[in-house]
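Please set the sequence and the three-dimensional model side by side before reading on. The briefing below is arranged by topic.

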Amino acid sequence: MGIATATDGSVLVADRGNKRIQIFDENGKYITTIPTKSGERPVTPVDVAVDKGGKHIFVTATKPFHQILVYGEGAGKGEAEQIWGKPGSNLGEFRFPATITVGKDNNVYIVDVFNSRIQVYRDTGKPLITISSWGVTPGHLFRPKGVAVNDQGLIAVSDSYLGVVQLFTDDTRFQAVLGENGEFAHFTTPAGLALDNDGRLYIAEMLANKVTVLELVR
């Protein structure tokens with residue numbers, strides 16, 4: 001369901017159906033498995049991310065948990081070092097957390113789908129801020145699905161229902177809806193995103209069965 005790369009080149013895959021995270025090296029050789037669970041209950045992972053130092057792995061878990069599982073040195077046994085959040089709508093609570101990514105400062109950005117926002121956590125587990133809220137006008141989100149952050153603090157968020165991608169800064173300010181010549185660009189169920197440091201944005205358009213690559217011009 002989700003995928004992430006670590007600074008050492010290893011690749012982490014959220015193996016949703018098998019309720020685990022699988023880890024491979026950069027050549028595709030299998031390394032290890034992390035069984036995902038909360039206590040003794042198995043957890044269905046949605047997405048996975050890893051911090052810049054490779055010390056912590058973050059996993060999103062939806063119903064009935066609506067939590068973020070944080071794995072450290074005991075990851076191989078499936079024992080979460082920390083568990084963030086619970087069901088709800090307040091800061092630090094989730095309604096279907098989905099895509100997750102880590103910024104250059106190791107802050108963790110989490111798509112909180114049914115709360116129509118992005119939540120930002122310190123890597124220590126402290127909830128910091130939320131980005132956006134429910135709505136259909138520029139700067140608001142209806143059904144956010146993907147989030148990506150680059151080293152310049154630019155945040156891209158896809159909205160699968162509205163079919164748009166919006167840009168924010170890491171201090172929560174709305175910047176723009178992607179478009180050209182004053183017109184919004186519309187995508188077919190945009191979901192997963194990747195944003196590199198050269199100004200390229202990669203958009204997985206689910207129902208169009210394609211990945212669109214754009215160069216951002218500010």
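Which strand gives the most to the lining of the largest pocket? That strand is E11, with 6 residues, where strands are DSSP runs of E of at least two residues, numbered from the N terminus. This is a predicted model, in which local features need pLDDT of at least 70 and side-chain atom pairs count only at pLDDT 80 or more, while totals for chains, interfaces and linings use all residues. Residues are numbered from 1 along each chain as its sequence is written, and side-chain values use heavy atoms, with hydrogens and water left out.

**The largest pocket**

- The largest pocket has a volume of about 1,200 Å³, a volume being the space filled by probe spheres set on grid points that are joined across faces, edges and corners.
- On a 1 Å grid over the protein atoms alone, a pocket is an open set of points with protein on both sides within 12 Å along at least five of seven lines, whereas a cavity is a set of points where a 1.4 Å probe fits but cannot get out; lining residues have an atom within 4 Å of a point.
- Of the 42 residues that line the largest pocket, Ile3, Asp47, Thr99, Ile100 and Leu193 are the closest to its centre.
- At least two residues of this lining come from each of strand E1 (2-5), strand E7 (45-50), E11, strand E15 (144-149) and strand E21 (190-195).
- By residue class, the lining of the largest pocket divides into 24 nonpolar, 10 polar and 8 charged residues, with Ala, Val, Leu, Ile, Met, Phe, Trp, Tyr, Cys and Pro counted as nonpolar, Asp, Glu, Lys and Arg as charged, and the others, Gly among them, as polar.

- Strand E18 (174-177), strand E19 (179-180) and strand E23 (210-215) each give two or more residues to the lining of the second largest pocket, and E18 gives the most, with 3 residues.
- The structure holds 1 cavity of 30 Å³ or more, and the largest cavity has a volume of about 40 Å³.
- Gly103, Lys104, Asp105, Tyr109, Val149, Asn150, Gly153 and Asp170 line the largest cavity, a lining that divides into 2 nonpolar, 3 polar and 3 charged residues.

**The sheet that contains E11**

- E11 also belongs to an open sheet of 4 strands in the order E11-E12-E13-E14, with antiparallel pairing; two strands pair if DSSP finds at least two bridges between them.
- The edge strands, each pairing on one side only, are strand E11 (97-102) and strand E14 (127-131).
- Strand E12 (residues 108-112) and strand E13 (residues 117-121) pair in the antiparallel sense over 5 bridges, and the bridge partner of Val111 in E13 is Ile118.

**Backbone exceptions**

- Most residues other than glycine have a negative phi, and most peptide bonds are trans.
- The peptide bond from Lys63 to Pro64 is cis, with omega near 0°, and Pro64 is found in the loop between strand E8 (57-61) and strand E9 (67-71).
- Phe96, which is not a glycine, has a positive phi of about 65° and lies in the loop between strand E10 (82-84) and E11.
- Phe96 counts as partly exposed because its relative accessibility is 26%, the class between buried (under 20% relative accessible area) and exposed (over 50%), with a 1.4 Å probe and protein chains only.
- Ser132, in the loop between E14 and E15, has a positive phi near 75°, and Ser132 counts as buried because its relative accessibility is 17%.
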